[in-house]
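Please keep the sequence and the model in view while reading.

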Amino acid sequence: MSYIRRTLADLLLSEGAKSTSDLPDQTYVTVEKTRDGVLVYFSDLMGQLSEDPLTGIVEAYEPDDLTGPCDGALVVRRAFVTGGFGPMLYDIAMEAAGERGLTMDRDTLTQEAFRVWKFYKDNRVDVKAIPLTDCVKGPRLDIYQMEYEEGESPIDFRYVKKNMSVTDALHAVGKLIEI
């Protein structure tokens, strides 16, 4: 991908990302902390998964044998979000993960998700990219690493959010449900 295309993709990602003020009236965000991870998803007022007008879920779990320990970071196993709200749900999941942070799935990473992680690494001053020391790369990740030196790809980091700004904003407008 050329430098101009990458820059344009980063610009579109930053300009297209939605915030809490863009949520439809009857749409809430539920954060469910489980014994082995965290789920963040759009819901109704009762915390039931929503599919209208927005659909979105980010699931992050404990590392397993396929990922390696990943320095204790939660591994995003599934992320599907509509309407430009992906970065917002990733932020909330990262805030819920705390100091452990998040890293990407080692097997099912998409190009779109890779761009989100790259944006976190290169552009977000409120997110700390911490080098991973013990995460398995996985065969699918090779295609995303070609233009990076060892240890410099967004894949080589776990991401820790330095503040709770999105969670706090949702709480302030009564759109956060915590389970």
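## Overall layout

What share of the contacts in the chain with a separation of 6 or more comes from residues 24 or more positions apart? Such pairs account for 68% of them, where contact means heavy atoms within 4.5 Å.

This is a predicted model, in which local features need pLDDT of at least 70, side-chain atom pairs count only at pLDDT 80 or more, and totals for chains, interfaces and linings use all residues. Residues are numbered from 1 along each chain as its sequence is written, and side-chain values use heavy atoms, with hydrogens and water left out.

The chain has 5 helices and 8 strands. Helices (H or I, at least four residues) and strands (E, at least two) are DSSP runs, numbered from the N terminus. Their order from the N terminus is α-β-β-β-β-α-β-α-β-α-β-α-β. Of the 179 residues, 48% count as buried. Buried means under 20% relative accessible area, exposed means over 50%, and partly exposed lies in between (1.4 Å probe, protein chains only).

Helix 2 covers residues 86-97. Its 12 residues should span 16 Å at 1.5 Å a residue, and its end C-alpha atoms are 16 Å apart, which agrees. The expected span is 1.5 Å times one less than the number of residues. Burial runs through the whole helix: 12 of its 12 residues are buried. After helix 2 comes G98, with a positive phi near 65 degrees.

The largest nonpolar core holds 36 residues. A nonpolar core is a set of buried Ala, Val, Leu, Ile, Met, Phe, Trp, Tyr and Cys residues joined through side-chain atoms within 4.5 Å. V29, F42, I92, L102 and W117 touch the most other members. Helix 2 supplies the largest share of this core, 8 residues.

## Helix 2 against helix 5

Two packed helices are described by the angle between their axes and the distance between the axes. Helix 2 and helix 5 (residues 165-172) pack at about 105 degrees, with their axes 8 Å apart. Helix 2 is therefore roughly perpendicular to helix 5. On the helix 2 side, M88, D91, I92 and E95 make the contact. On the helix 5 side, the partners are S165, V166, T167 and L170.

Axes are lines fitted to C-alpha atoms, for helices over the stretch in contact, and angles run from 0 to 180 degrees between N-to-C directions. Angles under 35 degrees count as roughly parallel, over 145 as roughly antiparallel, 65 to 115 as roughly perpendicular and the rest as oblique.

## Helix 3 and W117

Helix 3 (residues 111-123) has 13 residues. It reaches 18 Å from its first C-alpha to its last, close to the 18 Å expected. Its buried residues are A113, F114, V116, W117, K118, F119 and Y120.

Which residues does W117 contact beyond its neighbours within four places in sequence? They are V76, Y90, M94, L102, T103, M104, L109, P154 and Y159.

T103 sits in strand 5 (residues 102-104). Its relative accessibility is 0%, so T103 counts as buried. Leaving out residues up to four places away in sequence, T103 touches C70, W117, I155 and F157, among others.

I155 lies in the loop between helix 4 (142-145) and strand 7 (157-161). I155 is buried, with a relative accessible area of 0%. Its C-alpha is 9.6 Å from that of K121, 34 residues apart along the chain.

Both faces of strand 7 are covered. F157, Y159 and K161 are buried on one side, R158 and V160 on the other. Strand 6 (residues 127-131) and strand 7 pair in the antiparallel sense over 5 bridges; pairing requires that DSSP finds at least two bridges. Within this pair, K128 stands opposite V160.

## Backbone exceptions

Most residues other than glycine have a negative phi, and most peptide bonds are trans. C70 has a positive phi of about 50 degrees, and D71 one of about 55 degrees. Is C70 buried or exposed? C70 is buried, at 0% relative accessible area, whereas D71 is partly exposed at 29%.

The D52 to P53 peptide bond is cis, with omega near 5 degrees. P53 is placed in the loop between strand 2 (37-43) and strand 3 (56-61).
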